[in-house]
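The sequence and structure are shown first, and the description follows.

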Amino acid sequence: MGMTASDPTAAGERWRARTPELHKKLVERLRKAIEERGHTRVVLGLSGGLDSTVAAYLFVEALGSANVFGVMLPYRTSDPLSLSSAQGVVNGLGITSRRVNISPMVDAYFANFPDASRERRATRLAWERLAILHDFGAHYGGQVLQIVNRSDLALDFGPDVRLPSTAYRPFDGLYKSQIRLLGKELAIPAQVLERRPSLDSYPGQADESELGAGYDAIDAALAWL
């Protein structure tokens with residue numbers, strides 16, 4: 001049942017049925033993981049996208065809103081909707097947040113390399129954001145989160161999956177499709193749930209366009225493989 005040409009193992013149906021149980025187990029698993037690392041709070045970047053929003057909701061359940069610190073890190077070419085969506089998550093959850101415009105530091109660096117490729121610039125943005133998260137983690141005391149999912153890790157997609165870090169990756173075992181189902185279960189804002197996935201590396205960038213298929217089909221194929 002539930003098998004289709006794009007989902008030969010009916011993985012999507014199984015994930016959907018198991019989402020409530022996954023939600024419950026994941027909250028406890030995340031709480032335990034942070035405690036084992038000697039922390040009581042977390043620091044994460046809020047992009048206004050699906051993955052970071054679901055992470056914020058889950059960690060508020062696991063640790064309480066007072067122990068979740070969200071950082072918004074826009075660049076001058078970022079989609080304005082990313083920032084407004086992230087701010088909406090902050091307001092809705094009642095978590096502490098900071099906003100840091102990373103344009104001056106990134107632009108100062110690339111003033112030395114005006115012909116740098118789009119991919120090189122995207123990697124620099126990812127490095128800058130991760131470095132700032134680690135600074136906040138050290139200053140305020142908290143476990144830094146690096147929000148990358150199993151789908152992107154399997155495909156080696158995006159600069160974040162290749163950045164070495166001591167950050168905790170809460171979603172490295174979850175496909176993008178599972179995170180979307182968790183988003184529905186958690187009743188995250190519709191504007192976040194319905195947004196097309198994007199690394200926001202440059203104007204108009206869309207993950208599924210670059211990958212050549214939607215995550216539903218990609219994740220079903222990865223599960224089948």
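## The largest cavity

The largest cavity is lined by 43 residues, and those nearest its centre are Ser47, Ile147, Asp160, Ser198 and Leu199. The model under discussion is a predicted one. The space inside the largest cavity comes to about 890 Å³, and the structure holds 1 cavity of 30 Å³ or more.

Several elements contribute to this lining. Helix H5 provides the largest share, with 6 residues. At least two residues each are supplied by H2, E2, H3, H5 and helix H7 (176-186). By class, the lining of the largest cavity divides into 21 nonpolar, 11 polar and 11 charged residues.

## The second largest pocket

The second largest pocket has a volume of about 210 Å³. Its lining consists of 14 residues, of which Glu119, Ala122, Pro159, Leu199 and Glu210 lie nearest the centre.

Helix H5, which spans residues 118-140, gives the most to the lining of the second largest pocket, with 4 residues. The lining of this pocket comprises 5 nonpolar, 4 polar and 5 charged residues.

## The sheet and its helices

The model contains an open sheet of 4 strands, arranged in the order E3-E2-E1-E4 with parallel pairing. Strand E3 (96-99) and strand E4 (143-144) form the edges, each pairing on one side only. Strand E2, residues 68-72, pairs with E3 in the parallel sense over 4 bridges. Within this pairing, Val71 has Arg98 in E3 as its bridge partner.

Two helices that pack on the sheet may be described next. Helix H2 (residues 50-63) touches strand E1 (42-45) and E2, and the direction of H2 makes about 165 degrees with that of E1. Helix H3 (residues 80-93) also packs on the sheet, where H3 touches E2 and E3; the direction of H3 makes about 165 degrees with that of E2. H2, E2 and H3 are also among the elements that supply residues to the lining of the largest cavity.

## Salt bridges

Side chains of opposite charge can pair when their charged atoms come close. In the whole structure, a search finds 7 salt bridges. One of them joins Glu28 to Arg31, with the closest N and O atoms 2.3 Å apart. Both residues of this pair, Glu28 and Arg31, belong to helix H1 (residues 11-36), where they stand 3 residues apart, about one turn of the helix.

Notes: Residues are numbered from 1 along each chain as its sequence is written. This is a predicted model: local features need pLDDT of at least 70, side-chain atom pairs count only at pLDDT 80 or more; totals for chains, interfaces and linings use all residues. Side-chain values use heavy atoms; hydrogens and water are left out. Two strands pair if DSSP finds at least two bridges between them. Contact means heavy atoms within 4.5 Å. Axes are lines fitted to C-alpha atoms, for helices over the stretch in contact, and angles run from 0 to 180 degrees between N-to-C directions. On a 1 Å grid over the protein atoms alone, a cavity is a set of points where a 1.4 Å probe fits but cannot get out, and a pocket is an open set with protein on both sides within 12 Å along at least five of seven lines; lining residues have an atom within 4 Å of a point. Grid points are joined across faces, edges and corners, and a volume is the space filled by probe spheres set on the points. Ala, Val, Leu, Ile, Met, Phe, Trp, Tyr, Cys and Pro count as nonpolar, Asp, Glu, Lys and Arg as charged, and the others, Gly among them, as polar. A salt bridge is a side-chain nitrogen of Lys or Arg within 4 Å of a carboxyl oxygen of Asp or Glu.
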